There are 2 protein chains.
Amino acid sequence: MTPKKDPSGRRGRGRPQSFDRKEALCAAMRLFWDRGYEGTSFDDLISVMKISASSFYNAFGSKEALYHEVIETYMSVAGGWFLDILGEDADTRTVFEDLTRAAAVEFTRPNQPAGCMISVAATQCSPNQHRLRDLLASQRTQAEGAMAARLQQGLEVGDLPIDTDIEALAAFYGSLLRGMAVQARDGASQERLMEIARFGMNAWPKA
Amino acid sequence: MTPKKDPSGRRGRGRPQSFDRKEALCAAMRLFWDRGYEGTSFDDLISVMKISASSFYNAFGSKEALYHEVIETYMSVAGGWFLDILGEDADTRTVFEDLTRAAAVEFTRPNQPAGCMISVAATQCSPNQHRLRDLLASQRTQAEGAMAARLQQGLEVGDLPIDTDIEALAAFYGSLLRGMAVQARDGASQERLMEIARFGMNAWPKA
DNA sequence: CTTTTTTTGGTGTCATCGCTCCATAAATCC
DNA sequence: GGATTTATGGAGCGATGACACCAAAAAAAG
């Protein structure tokens, strides 16, 4: 699958790959991001990745395997801001304000598809794609879990009223972010998303 | 297409349809609702509708025409609660509280697919389905417009601070409802959605 | 150079998708 | 009953989807 590299860094033998794997992966990510899994055809993929069918299977295994890899890439690159902000050393309210505002920015970046690749993916799909649907749903659950963990931490240091329902509050901000992702895909501007984010912060629990 | 009925109610001539058109439409709606447009295959459709391919084309024209009809059906039947509540004669805040709470109930009804058929549809799709994507996006925009109209009305009677940004507030509740729809599809319970709705109402503008 | 290993381009395959055609069945109208 | 009109069942079609195969090409290893 992956080109085998000597621990010393020297290439192994055999014909070298004629394309940059990361670049191809990134091109595939943008396509999947824009069109979803089922909406992206094999031919479109190898076209934007600029490789042939055989190179595709040689390098990535299958369409589904590529999609998995793309999700990992998305989480670590395009979605990295999410966990970064949750890890910020700041007041809990500030963290969530940054989070929602960052979403407004990230969801409307030019030169990349609008919205979040994970939030809106595979919510409706055919039964033979249920594995993927479950994978995406679990990614969303994980993201919400990360928010819940940060809120819990905030509760423990007194940033939140002690009777705050952490899970529910995380679900609220999860919902808001997913809704913002849909709005972004429908063409909402960054300013509009910012206003939504601001209203979202009005819901922050008061002591 | 549609079976021609005499104004007097008597059937015209020709062999009568052997199936109930509304029932078939409803079955198609549930399938589209669950799987989306591209995720629903022709064979699956005629299977749950219990009709043959020829009857299908005779009665509905094409898969896309059926989808359009299904959307209309959804808006008037399954989504009727939405406009009903917006039309309620009540305090504006109460209307939106009812709206978000009703969403929690409607999105988790047993015996029907979870979430909203419109909110999560065609957010990611192939380029040859852009007509449908635009249609769905415009339905979402219309729904938000209806909320904005109700808010404007509320502003005029003093239910809202005069400096309230109506469009933005409508966008906020639009986002929240769409996010709740995704949550519902991922399996969130009615109680969980209720909690989200409650937090959503905490964002209601204060004088 | 020869051998070995790996990638590449091109062509082919098999299933599925949405759709069409046609002969037949079942009703009404005269 | 015969003519007309509409619906049905079933077979099949062209396009596209994802993928497989294979001979040729390009590199390292001996």
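1. Asp186(A) is partly exposed, with a relative accessible area of 26% (buried is under 20%, exposed over 50% and partly exposed in between, with a 1.4 Å probe and protein chains only). Arg140(B), at 3% relative accessibility, is buried. The side chains of these two residues, Asp186(A) and Arg140(B), form a salt bridge with an N to O distance of 2.7 Å (a salt bridge is a side-chain nitrogen of Lys or Arg within 4 Å of a carboxyl oxygen of Asp or Glu). Asp186(A) sits in the loop between helix 8 (166-185) and helix 9 (190-202) of chain A, and Arg140(B) in helix 7 of chain B, so the pair joins two chains (helices are DSSP runs of H or I, at least four residues, numbered from the N terminus).

2. The model is predicted: local features need pLDDT of at least 70, side-chain atom pairs count only at pLDDT 80 or more, and totals for chains, interfaces and linings use all residues. Residues are numbered from 1 along each chain as its sequence is written, chains are lettered from A and ligands numbered from 1 in the order in which they are written, and side-chain values use heavy atoms, leaving out hydrogens and water.

3. On the interface as a whole, 43 residues of chain B are in contact with 43 residues of chain A (contact means heavy atoms within 4.5 Å). The two chains bury about 3400 Å² between them, 55% of it on carbon and sulfur atoms (buried area is the accessible area, with a 1.4 Å probe, that two parts lose on being put together, summed over both). Thr123(B), Gln124(B) and Phe199(B) account for 20% of the area that chain B buries against chain A, more than any other three residues.

4. Four salt bridges cross the interface of chain B and chain A. In one of these chain-to-chain pairs, Asp186(B) meets Arg140(A), with the closest N and O atoms 2.6 Å apart. The side of chain B that touches chain A draws two or more residues from each of helix 1 (21-35), helix 7 (130-156), helix 8 (166-185) and helix 9 (190-202) of chain B. Helix 8 of chain B gives the largest share, 14 residues. By type, this side has 19 nonpolar, 12 polar and 12 charged residues.

5. Within chain B, the side chains of Glu69(B) and Arg21(B) meet in a salt bridge at 2.6 Å, N to O. Glu69(B) is in helix 4 (residues 63-76) and Arg21(B) in helix 1 of chain B, so the pair ties together parts 48 residues apart in sequence. Glu69(B) is partly exposed at 22%, whereas Arg21(B) is buried at 17%. Elsewhere, salt bridges that share partners join Arg140(A), Glu144(A), Arg178(A) and Asp186(B) into one network.

6. DNA strand C is surrounded by 26 residues, the closest being Ser18(A), Ser54(A), Phe42(B), Tyr57(B) and Lys63(B) (a residue is near the strand if one of its heavy atoms lies within 4 Å of it). A polar side-chain atom of Asn58(A) is 2.9 Å from a phosphate oxygen of DNA strand C. An N or O atom in the side chain of Arg15(B) is 3.3 Å from a base nitrogen of DNA strand C.

Definitions and conventions
Nonpolar A, V, L, I, M, F, W, Y, C, P; charged D, E, K, R; others polar. Polar contact = N/O pair within 3.5 Å; in protein donor to acceptor, adjacent residues only side chain to side chain.
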